[in-house]
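Let's take a walk through this model, starting with a pair of helices and moving on from there. Have the structure open as you read.

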Amino acid sequence: MMRSKVLSLVPRATGVCRHMSTATKLTTVAVDDKTGIATLTMNRPPVNGLNLDLLRDLNQSIGEVEGNKSRGLILTSSNPTIFSAGLDILEMYKPDKDRIREFWTALQDVWLALYGSSVPTAAAINGHSPAGGCLLATSCEYRVMLPKFTIGLNETKLGIVAPKWFMSSFLSVLPRREAERALNQGRMFTTEEALSIGLIDEVAISKEQALDKCAQFIGTFAKVNPLARSLTKQQLRAVELQQLENERAQDLERFLFFVNQPSVQKGLGIYLESLKKKAKN
Ligand SMILES: CCCCCCCCCC/C=C\CC(=O)SCCNC(=O)CCNC(=O)[C@H](O)C(C)(C)COP(=O)(O)OP(=O)(O)OC[C@H]1O[C@@H](n2cnc3c(N)ncnc32)[C@H](O)[C@@H]1OP(=O)(O)O
(Lines give C-alpha, C1' and ligand atoms only; values in the text may rest on other atoms or scores of the structure.)
Protein backbone atom coordinates (compact mmCIF):
# COMPACT_ATOMS: atom_id res chain seq x y z
CA MET A 1 0.00 0.00 0.00
CA MET A 2 1.28 3.46 -0.85
CA ARG A 3 1.55 5.50 2.33
CA SER A 4 3.09 8.68 1.07
CA LYS A 5 4.47 10.26 -2.07
CA VAL A 6 6.48 7.42 -3.59
CA LEU A 7 9.57 8.43 -5.50
CA SER A 8 11.06 5.03 -6.25
CA LEU A 9 10.93 1.35 -5.37
CA VAL A 10 14.05 -0.40 -4.12
CA PRO A 11 14.03 -4.07 -3.06
CA ARG A 12 15.55 -4.90 0.36
CA ALA A 13 16.10 -8.03 2.41
CA THR A 14 12.86 -7.83 4.37
CA GLY A 15 10.40 -6.46 1.83
CA VAL A 16 9.75 -3.80 -0.72
CA CYS A 17 11.30 -0.57 0.40
CA ARG A 18 9.53 2.62 -0.55
CA HIS A 19 11.48 5.82 -0.64
CA MET A 20 9.31 8.44 0.93
CA SER A 21 8.87 12.09 0.12
CA THR A 22 12.41 13.19 0.80
CA ALA A 23 12.65 16.40 -1.14
CA THR A 24 15.75 16.95 1.01
CA LYS A 25 19.14 15.85 -0.24
CA LEU A 26 21.17 15.05 2.85
CA THR A 27 18.84 12.44 4.36
CA THR A 28 16.64 9.76 2.86
CA VAL A 29 13.76 7.87 4.42
CA ALA A 30 12.85 4.41 3.15
CA VAL A 31 9.94 2.50 4.65
CA ASP A 32 9.91 -1.28 4.42
CA ASP A 33 6.43 -2.28 3.32
CA LYS A 34 6.61 -5.63 5.10
CA THR A 35 7.84 -4.44 8.51
CA GLY A 36 6.59 -0.86 8.40
CA ILE A 37 9.98 0.27 9.72
CA ALA A 38 11.53 3.47 8.36
CA THR A 39 15.27 3.68 7.74
CA LEU A 40 16.58 7.23 7.93
CA THR A 41 19.97 7.52 6.24
CA MET A 42 22.34 10.47 6.67
CA ASN A 43 24.18 11.29 3.49
CA ARG A 44 26.42 14.34 3.78
CA PRO A 45 29.91 13.62 2.46
CA PRO A 46 32.62 13.42 3.50
CA VAL A 47 31.84 12.65 7.18
CA ASN A 48 28.15 13.41 7.88
CA GLY A 49 29.22 16.53 9.74
CA LEU A 50 26.09 17.97 11.35
CA ASN A 51 25.80 21.38 9.72
CA LEU A 52 22.65 23.49 9.55
CA ASP A 53 21.47 21.83 6.33
CA LEU A 54 21.89 18.25 7.57
CA LEU A 55 20.19 19.16 10.86
CA ARG A 56 17.26 20.69 9.00
CA ASP A 57 16.95 17.60 6.81
CA LEU A 58 17.17 15.31 9.84
CA ASN A 59 14.37 17.28 11.46
CA GLN A 60 12.22 17.05 8.40
CA SER A 61 12.85 13.31 8.04
CA ILE A 62 12.13 12.54 11.69
CA GLY A 63 8.90 14.54 11.34
CA GLU A 64 8.07 12.55 8.22
CA VAL A 65 8.56 9.24 10.04
CA GLU A 66 6.40 10.48 12.94
CA GLY A 67 3.71 11.45 10.48
CA ASN A 68 3.65 8.38 8.22
CA LYS A 69 2.67 5.81 10.86
CA SER A 70 5.95 3.90 10.62
CA ARG A 71 6.39 1.10 13.16
CA GLY A 72 9.84 2.33 14.08
CA LEU A 73 12.84 4.36 12.98
CA ILE A 74 16.36 3.13 12.26
CA LEU A 75 19.02 5.82 11.96
CA THR A 76 22.08 5.04 9.88
CA SER A 77 24.63 6.49 7.45
CA SER A 78 25.39 6.04 3.76
CA ASN A 79 29.10 6.40 4.52
CA PRO A 80 30.74 2.97 4.97
CA THR A 81 33.11 4.11 7.75
CA ILE A 82 31.46 7.10 9.43
CA PHE A 83 28.08 7.24 11.16
CA SER A 84 28.54 10.95 11.89
CA ALA A 85 31.63 13.01 12.73
CA GLY A 86 29.45 15.09 15.06
CA LEU A 87 28.83 18.80 14.75
CA ASP A 88 30.41 20.40 11.73
CA ILE A 89 33.13 22.43 13.39
CA LEU A 90 33.03 24.90 10.51
CA GLU A 91 29.61 26.02 11.80
CA MET A 92 31.19 26.96 15.13
CA TYR A 93 34.54 28.33 13.99
CA LYS A 94 34.45 32.05 13.14
CA PRO A 95 30.66 31.73 12.90
CA ASP A 96 28.17 33.91 11.10
CA LYS A 97 26.09 35.41 13.92
CA ASP A 98 22.65 34.65 12.50
CA ARG A 99 23.47 31.25 11.05
CA ILE A 100 24.99 29.94 14.28
CA ARG A 101 21.74 30.73 16.11
CA GLU A 102 19.79 28.77 13.52
CA PHE A 103 22.36 25.99 13.70
CA TRP A 104 22.07 25.51 17.46
CA THR A 105 18.28 25.83 17.37
CA ALA A 106 18.13 23.14 14.67
CA LEU A 107 20.33 20.89 16.82
CA GLN A 108 17.99 21.39 19.78
CA ASP A 109 15.06 20.53 17.48
CA VAL A 110 16.71 17.32 16.29
CA TRP A 111 17.41 16.17 19.83
CA LEU A 112 13.88 16.96 21.02
CA ALA A 113 12.41 15.13 18.01
CA LEU A 114 14.66 12.07 18.21
CA TYR A 115 14.93 11.62 21.98
CA GLY A 116 11.21 12.35 22.28
CA SER A 117 10.12 10.35 19.23
CA SER A 118 6.84 8.50 19.69
CA VAL A 119 8.04 5.51 17.62
CA PRO A 120 10.68 2.97 18.72
CA THR A 121 14.10 4.13 17.58
CA ALA A 122 17.38 2.30 16.92
CA ALA A 123 20.76 3.32 15.55
CA ALA A 124 22.68 1.12 13.11
CA ILE A 125 26.10 2.63 13.82
CA ASN A 126 28.02 1.64 10.72
CA GLY A 127 31.07 3.82 11.37
CA HIS A 128 32.78 6.25 13.74
CA SER A 129 30.41 8.17 15.96
CA PRO A 130 32.13 10.93 17.95
CA ALA A 131 30.42 13.75 19.88
CA GLY A 132 27.25 14.84 18.03
CA GLY A 133 27.26 11.42 16.32
CA CYS A 134 27.17 9.79 19.74
CA LEU A 135 24.39 12.20 20.74
CA LEU A 136 22.25 10.95 17.85
CA ALA A 137 22.99 7.31 18.65
CA THR A 138 22.30 7.65 22.37
CA SER A 139 19.04 9.50 21.68
CA CYS A 140 17.78 6.25 20.16
CA GLU A 141 16.50 3.38 22.30
CA TYR A 142 18.84 0.70 20.90
CA ARG A 143 22.28 0.68 19.30
CA VAL A 144 23.95 -1.87 17.03
CA MET A 145 27.52 -1.07 15.95
CA LEU A 146 30.02 -2.49 13.50
CA PRO A 147 33.47 -3.60 14.74
CA LYS A 148 36.63 -1.48 14.71
CA PHE A 149 34.94 1.92 15.04
CA THR A 150 34.76 4.41 17.89
CA ILE A 151 31.97 6.17 19.75
CA GLY A 152 31.85 8.65 22.63
CA LEU A 153 31.45 12.23 23.79
CA ASN A 154 34.95 13.65 23.28
CA GLU A 155 34.05 17.32 23.89
CA THR A 156 36.47 17.92 26.79
CA LYS A 157 39.32 16.77 24.53
CA LEU A 158 38.37 19.60 22.16
CA GLY A 159 38.21 22.14 24.98
CA ILE A 160 34.42 22.37 24.74
CA VAL A 161 31.66 21.32 27.10
CA ALA A 162 28.81 18.97 26.26
CA PRO A 163 25.52 20.68 27.19
CA LYS A 164 23.24 19.12 29.80
CA TRP A 165 20.96 17.51 27.24
CA PHE A 166 23.90 15.74 25.55
CA MET A 167 24.64 14.35 29.00
CA SER A 168 20.98 13.34 29.45
CA SER A 169 21.10 11.06 26.42
CA PHE A 170 24.40 9.58 27.58
CA LEU A 171 23.02 9.06 31.10
CA SER A 172 19.93 7.32 29.74
CA VAL A 173 22.28 4.63 28.44
CA LEU A 174 25.25 4.43 30.83
CA PRO A 175 25.39 4.13 34.63
CA ARG A 176 26.09 7.54 36.15
CA ARG A 177 29.58 6.70 37.37
CA GLU A 178 30.68 5.42 33.97
CA ALA A 179 29.05 8.38 32.19
CA GLU A 180 30.71 10.90 34.50
CA ARG A 181 34.15 9.42 34.03
CA ALA A 182 33.81 9.11 30.26
CA LEU A 183 32.49 12.68 29.90
CA ASN A 184 35.25 14.17 32.03
CA GLN A 185 37.88 12.22 30.12
CA GLY A 186 36.30 12.93 26.72
CA ARG A 187 36.72 9.23 26.15
CA MET A 188 36.15 7.54 22.83
CA PHE A 189 35.25 3.84 23.13
CA THR A 190 36.06 1.15 20.59
CA THR A 191 33.10 -0.98 19.50
CA GLU A 192 34.24 -3.75 21.84
CA GLU A 193 34.65 -1.37 24.81
CA ALA A 194 31.30 0.26 24.06
CA LEU A 195 29.62 -3.15 24.16
CA SER A 196 31.21 -4.15 27.44
CA ILE A 197 30.27 -0.86 29.15
CA GLY A 198 26.69 -0.93 27.73
CA LEU A 199 27.03 2.12 25.48
CA ILE A 200 25.88 -0.10 22.60
CA ASP A 201 23.59 -3.12 22.77
CA GLU A 202 24.95 -5.40 20.05
CA VAL A 203 27.76 -5.76 17.52
CA ALA A 204 26.99 -6.68 13.90
CA ILE A 205 29.41 -7.88 11.25
CA SER A 206 27.85 -5.85 8.43
CA LYS A 207 25.56 -2.90 7.92
CA GLU A 208 22.87 -5.26 6.65
CA GLN A 209 23.09 -7.30 9.84
CA ALA A 210 23.03 -4.13 11.94
CA LEU A 211 19.83 -3.02 10.18
CA ASP A 212 18.31 -6.48 10.74
CA LYS A 213 19.20 -6.42 14.44
CA CYS A 214 17.69 -2.96 14.79
CA ALA A 215 14.55 -4.20 13.02
CA GLN A 216 14.40 -7.18 15.39
CA PHE A 217 14.58 -4.80 18.38
CA ILE A 218 11.74 -2.73 16.96
CA GLY A 219 9.86 -5.99 16.29
CA THR A 220 9.89 -6.77 20.03
CA PHE A 221 7.17 -4.13 20.42
CA ALA A 222 4.87 -5.79 17.87
CA LYS A 223 2.55 -7.16 20.54
CA VAL A 224 2.70 -4.12 22.82
CA ASN A 225 -0.10 -1.57 22.66
CA PRO A 226 1.47 1.32 20.65
CA LEU A 227 -0.18 4.10 22.64
CA ALA A 228 0.77 2.56 25.99
CA ARG A 229 4.35 2.03 24.74
CA SER A 230 4.72 5.53 23.42
CA LEU A 231 3.21 7.21 26.51
CA THR A 232 5.48 5.11 28.72
CA LYS A 233 8.55 6.18 26.74
CA GLN A 234 7.49 9.80 26.81
CA GLN A 235 6.90 9.76 30.57
CA LEU A 236 10.31 8.18 31.13
CA ARG A 237 11.97 10.88 29.00
CA ALA A 238 9.73 13.80 29.99
CA VAL A 239 12.00 15.42 32.60
CA GLU A 240 14.96 15.85 30.26
CA LEU A 241 12.78 16.90 27.31
CA GLN A 242 10.88 19.43 29.40
CA GLN A 243 14.10 20.83 30.82
CA LEU A 244 15.40 21.71 27.38
CA GLU A 245 11.98 23.00 26.26
CA ASN A 246 11.95 25.30 29.29
CA GLU A 247 15.55 26.44 28.87
CA ARG A 248 15.91 26.63 25.09
CA ALA A 249 16.62 30.34 24.97
CA GLN A 250 19.14 30.24 27.84
CA ASP A 251 20.78 27.16 26.34
CA LEU A 252 21.24 29.03 23.06
CA GLU A 253 22.71 32.08 24.80
CA ARG A 254 25.04 29.88 26.89
CA PHE A 255 26.24 28.16 23.72
CA LEU A 256 26.80 31.47 21.89
CA PHE A 257 28.68 32.97 24.83
CA PHE A 258 30.84 29.88 25.20
CA VAL A 259 31.61 29.31 21.53
CA ASN A 260 32.54 32.96 20.97
CA GLN A 261 35.18 32.96 23.72
CA PRO A 262 38.57 33.68 22.09
CA SER A 263 40.11 30.65 23.81
CA VAL A 264 37.37 28.36 22.45
CA GLN A 265 37.75 29.83 18.94
CA LYS A 266 41.50 29.32 19.14
CA GLY A 267 41.04 25.70 20.25
CA LEU A 268 38.54 24.98 17.46
CA GLY A 269 40.93 26.49 14.90
CA ILE A 270 43.80 24.29 16.10
CA TYR A 271 41.56 21.22 16.06
CA LEU A 272 40.35 21.94 12.52
CA GLU A 273 43.95 22.35 11.36
CA SER A 274 44.92 19.04 12.95
CA LEU A 275 42.03 17.30 11.17
CA LYS A 276 43.09 18.81 7.86
CA LYS A 277 46.77 17.88 8.36
CA LYS A 278 45.70 14.34 9.22
CA ALA A 279 43.63 14.18 6.04
CA LYS A 280 46.67 15.31 3.96
CA ASN A 281 49.04 12.67 5.45
C1 LIG B 1 28.47 25.48 30.28
C2 LIG B 1 27.82 24.89 29.08
C3 LIG B 1 28.22 25.60 27.84
C4 LIG B 1 27.72 24.89 26.65
C5 LIG B 1 28.58 25.24 25.49
C6 LIG B 1 28.41 24.34 24.33
C7 LIG B 1 29.69 24.18 23.56
C8 LIG B 1 29.57 23.41 22.31
C9 LIG B 1 29.19 22.03 22.47
C10 LIG B 1 29.40 21.30 21.19
C11 LIG B 1 28.93 19.98 21.25
C12 LIG B 1 29.32 18.98 20.42
C13 LIG B 1 30.60 19.01 19.70
C14 LIG B 1 30.80 18.24 18.46
O15 LIG B 1 30.09 17.42 17.95
S16 LIG B 1 32.22 18.81 17.82
C17 LIG B 1 32.69 17.64 16.61
C18 LIG B 1 33.47 16.56 17.25
N19 LIG B 1 33.90 15.64 16.25
C20 LIG B 1 35.12 15.14 16.22
O21 LIG B 1 35.95 15.40 17.05
C22 LIG B 1 35.42 14.23 15.05
C23 LIG B 1 36.51 14.78 14.22
N24 LIG B 1 36.74 13.93 13.07
C25 LIG B 1 37.39 12.75 13.12
O26 LIG B 1 37.80 12.27 14.15
C27 LIG B 1 37.58 12.04 11.82
O28 LIG B 1 37.36 12.98 10.78
C29 LIG B 1 36.63 10.83 11.61
C30 LIG B 1 35.17 11.20 11.85
C31 LIG B 1 37.05 9.68 12.54
C32 LIG B 1 36.76 10.35 10.15
O33 LIG B 1 38.11 10.10 9.84
P34 LIG B 1 38.58 9.96 8.32
O35 LIG B 1 40.02 9.63 8.36
O36 LIG B 1 37.70 9.04 7.57
O37 LIG B 1 38.31 11.39 7.69
P38 LIG B 1 39.20 12.71 7.87
O39 LIG B 1 40.27 12.68 6.85
O40 LIG B 1 39.61 12.87 9.28
O41 LIG B 1 38.15 13.86 7.53
C42 LIG B 1 37.71 14.12 6.21
C43 LIG B 1 37.40 15.59 6.09
O44 LIG B 1 36.32 15.93 6.99
C45 LIG B 1 36.74 16.99 7.88
N46 LIG B 1 36.09 16.79 9.19
C47 LIG B 1 36.09 15.71 9.94
N48 LIG B 1 35.34 15.86 11.03
C49 LIG B 1 34.83 17.11 10.96
C50 LIG B 1 33.97 17.87 11.80
N51 LIG B 1 33.42 17.39 12.94
N52 LIG B 1 33.66 19.13 11.42
C53 LIG B 1 34.15 19.65 10.28
N54 LIG B 1 34.99 18.97 9.44
C55 LIG B 1 35.31 17.70 9.78
C56 LIG B 1 38.25 16.83 7.93
O57 LIG B 1 38.84 18.04 8.32
C58 LIG B 1 38.56 16.50 6.49
O59 LIG B 1 38.42 17.70 5.75
P60 LIG B 1 39.34 18.01 4.47
O61 LIG B 1 39.04 16.90 3.51
O62 LIG B 1 40.76 18.01 4.94
O63 LIG B 1 38.89 19.36 4.02
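Start with helix H3 (residues 97-115) and helix H4 (residues 132-139), whose axes come within 9 Å and cross at roughly 25 degrees. That makes H3 roughly parallel to H4, since angles under 35 degrees count as roughly parallel. Axes here are lines fitted to C-alpha atoms, for helices over the stretch in contact, and angles run from 0 to 180 degrees between N-to-C directions. Trp111, Leu114 and Tyr115 of H3 meet Leu135, Leu136 and Ser139 of H4, contact being C-beta atoms, placed from the backbone, within 7 Å. Helices (H or I, at least four residues) and strands (E, at least two) are DSSP runs, numbered from the N terminus.

A word on the ground rules: this is a predicted model, where local features need pLDDT of at least 70, side-chain atom pairs count only at pLDDT 80 or more, and totals for chains, interfaces and linings use all residues. Residues are numbered from 1 along each chain as its sequence is written.

Now look at helix H8 (residues 207-219). Buried in H8 are Ala210, Leu211, Lys213, Cys214, Ala215, Phe217 and Ile218, where buried means 20 or more other C-beta atoms, placed from the backbone, within 10 Å of a residue's own. Those buried residues pack against strands S4 (37-42), S5 (72-77), S6 (121-125), S8 (142-145) and S11 (202-203).

How values were computed. Buried ≥ 20, exposed ≤ 12 C-beta atoms within 10 Å, placed from the backbone. Contact = placed C-beta atoms within 7 Å. Parallel < 35°, antiparallel > 145°, perpendicular 65-115°, else oblique.
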